[in-house]
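Reader: I have not looked at this one before. Can you take me through it?
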Amino acid sequence: MYTNPRVVEFIDSHFVPVRAHVKENHDEFQRLGAKYDAQWTPTALVLDSDGQERHRVEGFLPADDFLSQLALGAAKAAFSAGDFARAERLFDEVQQKHPQSDAAPEAQYWSGVSRYKATNDPSALGATYQKFQQRYKDSSWAKKASVWGK
């Protein structure tokens, strides 16, 4: 399925992979494609333990970009499970390991939200706003966090 050893290791350590090949498992592919509205291949979905979609990656990406998206998905799954401390740690890892990726600004945003949800301390949101002033300040995620700086 994946040839990059870092991608394989990350998937094996964070997920239970399921593959539906469009040609080899056409019926299964059609069923899963309809259930999850997968319109294009490849589509990688991160689902929670209840089968609810938490993150989606459509199309091919270079290994580093794909890894950052998978890591973002793992963090979102932890967040949806209410494990806010683990989610924060995973969101922070996205920023540390993939700081130039498209996933990093989103991870910075959700890291702050995770800290707030874990502590109920609104200063976590203000601190996240301040981080956006230093990094990713032109991202759409910085705009979303701008209300926390008022």
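Predicted model: local features only at pLDDT ≥ 70, side-chain atom pairs only at ≥ 80, totals over all residues.

Reader: Start with α1 and α3. At what angle do they cross?
Author: The axes of helix α1 (residues 5-14) and helix α3 (residues 63-80) cross at roughly 10 degrees and come within 10 Å. Angles under 35 degrees count as roughly parallel, and α1 and α3 are therefore roughly parallel to each other.

Reader: Which residues make that contact?
Author: From α1 the contact takes R6, V7, F10, I11 and H14; from α3 it takes A63, D64, F66, L67, L70, A71 and A74.

Reader: How do those divide into nonpolar, polar and charged?
Author: The contact of α1 with α3 has 9 nonpolar residues, 1 polar and 2 charged.

Reader: R6 and D64 are on that list. What do their side chains do?
Author: They meet in a salt bridge, at 2.6 Å from N to O. R6 belongs to helix α1 and D64 to helix α3, so the pair ties together parts that are 58 residues apart in sequence.

Reader: How many salt bridges does a search of the whole structure find?
Author: The search finds 8. As background, side chains of opposite charge can pair when their charged atoms come close.

Reader: What does K76 pair with?
Author: K76 forms a salt bridge with E106, and their closest N and O atoms are 2.8 Å apart. K76 is in helix α3 and E106 is in helix α5, so this pair ties together parts that are 30 residues apart in sequence.

Reader: And are K76 and E106 buried or exposed?
Author: K76 counts as buried at 18% relative accessibility, and E106 is buried with a relative accessible area of 12%.

Reader: Where do E93 and R89 lie?
Author: Both lie in helix α4, 4 residues apart, which is about one turn of the helix.

Reader: Which residues do salt bridges with shared partners join into one network?
Author: Those are E53, R56 and E58.

Reader: Back to α5. What span should its 17 residues have?
Author: At 1.5 Å a residue, helix α5 (residues 103-119) should span 24 Å, and its end C-alpha atoms are 24 Å apart, which agrees.

Reader: Which residues of α5 are buried?
Author: Among them are A103, A104, P105, E106, A107, Q108 and Y109. Further along α5, S111, G112, V113 and S114 are buried too.

Reader: What do they pack against?
Author: The buried residues of α5 pack against α3, α4 (84-97), α6 (123-134) and α7 (140-145).

Reader: What follows α5?
Author: N120 follows α5, and its place is in the loop between α5 and α6. N120 has a positive phi of about 60 degrees although it is not a glycine.

Reader: Where is Y136, and what is its phi?
Author: Y136 is in the loop between α6 and α7. Its phi is positive, about 65 degrees, although Y136 is not a glycine.

Reader: Buried or exposed, for N120 and then Y136?
Author: N120 is exposed, with a relative accessible area of 57%, whereas Y136 is buried, with a relative accessible area of 16%.

Methods. Residues numbered from 1 in each chain as written. Heavy atoms only, no water. Axes fitted to C-alpha atoms, helices over the stretch in contact; angles between N-to-C directions. Helix = DSSP H or I, 4+ residues; strand = E, 2+ residues; numbered from the N terminus. Parallel < 35°, antiparallel > 145°, perpendicular 65-115°, else oblique. Contact = heavy atoms within 4.5 Å. Nonpolar A, V, L, I, M, F, W, Y, C, P; charged D, E, K, R; others polar. Expected span 1.5 Å × (residues − 1). Buried < 20%, exposed > 50% of the residue type's maximum accessible area, 1.4 Å probe, protein only. Salt bridge = Lys/Arg side-chain N within 4 Å of Asp/Glu carboxyl O.
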